[in-house]
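Q: I want to learn how to read contacts in a protein model. Can we take one feature at a time?

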Amino acid sequence: MMATDRTALICDLAETYGVLNYKELPVETLAALSVGLREDSRIRMKLSGERVRTETLLLAAMVDRMTFIAWTKTEDAQKGANRPRSIVDIINGKETEGNVLAFDTSEEFEEAKAEIVGKR
């Protein structure tokens with residue numbers, strides 16, 4: 001976990017257990033606390049490749065279904081036009097919404113910023 005994202009693990013330990021200095025803990029205790037983090041903690045989501053909590057994904061799926069059902073009752077649906085965009089697909093990165101960039105670290109952001117500013 002520490003090798004994957006040290007900052008995420010530190011934040012999760014502080015939020016969940018109130019541990020502000022993990023280096024003071026015995027390794028066995030740190031390992032036990034880390035394994036005991038909830039499945040929607042920052043580090044566990046990063047390790048599993050999840051972008052959002054399961055509850056958020058389920059809510060997005062419900063909205064997708066409702067908008068699809070409503071769309072099927074329209075004239076556009078009869079023509080196959082203007083089908084609603086899937087929020088689940090947007091969340092999962094299968095469909096993008098505009099030119100959105102996201103960064104995992106401030107260093108990545110600064111590199112991208114320097115590249116963009118340098119092009120002007």
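Q: Which residue forms a salt bridge with E15, and how far apart are the closest N and O atoms?

A: Side chains of opposite charge can pair when their charged atoms come close. Here R38 pairs with E15, with the closest N and O atoms 3.8 Å apart. That meets the rule for a salt bridge: a side-chain nitrogen of Lys or Arg within 4 Å of a carboxyl oxygen of Asp or Glu. R38 sits in the loop between α2 and α3, E15 in helix α1, 23 residues apart. Helices here are DSSP runs (H or I, at least four residues), numbered from the N terminus.

This is a predicted model: local features need pLDDT of at least 70, side-chain atom pairs count only at pLDDT 80 or more, and totals for chains, interfaces and linings use all residues. Numbering starts from 1 along each chain as its sequence is written, and side-chain values use heavy atoms, with hydrogens and water left out.

Q: What other residue meets E15 in a salt bridge?

A: R42 does, at 2.8 Å from N to O. E15 is in helix α1 and R42 in helix α3, 27 residues apart. Shared partners join D12, E15, R38, D40, R42, R53 and E55 into one network.

Q: How do α1 and α2 pack?

A: Two packed helices are described by the angle between their axes and the distance between the axes. Helix α1 (residues 6-17) and helix α2 (residues 27-35) pack at about 85°, axes 10 Å apart. Axes are lines fitted to C-alpha atoms over the stretch in contact, and angles run from 0 to 180 degrees between N-to-C directions. So α1 is roughly perpendicular to α2, a label for 65 to 115 degrees. L9, L13 and Y17 of α1 meet L30, L33 and S34 of α2; contact means heavy atoms within 4.5 Å.

Methods:
Helices (H or I, at least four residues) and strands (E, at least two) are DSSP runs, numbered from the N terminus. Angles under 35 degrees count as roughly parallel, over 145 as roughly antiparallel, 65 to 115 as roughly perpendicular and the rest as oblique.
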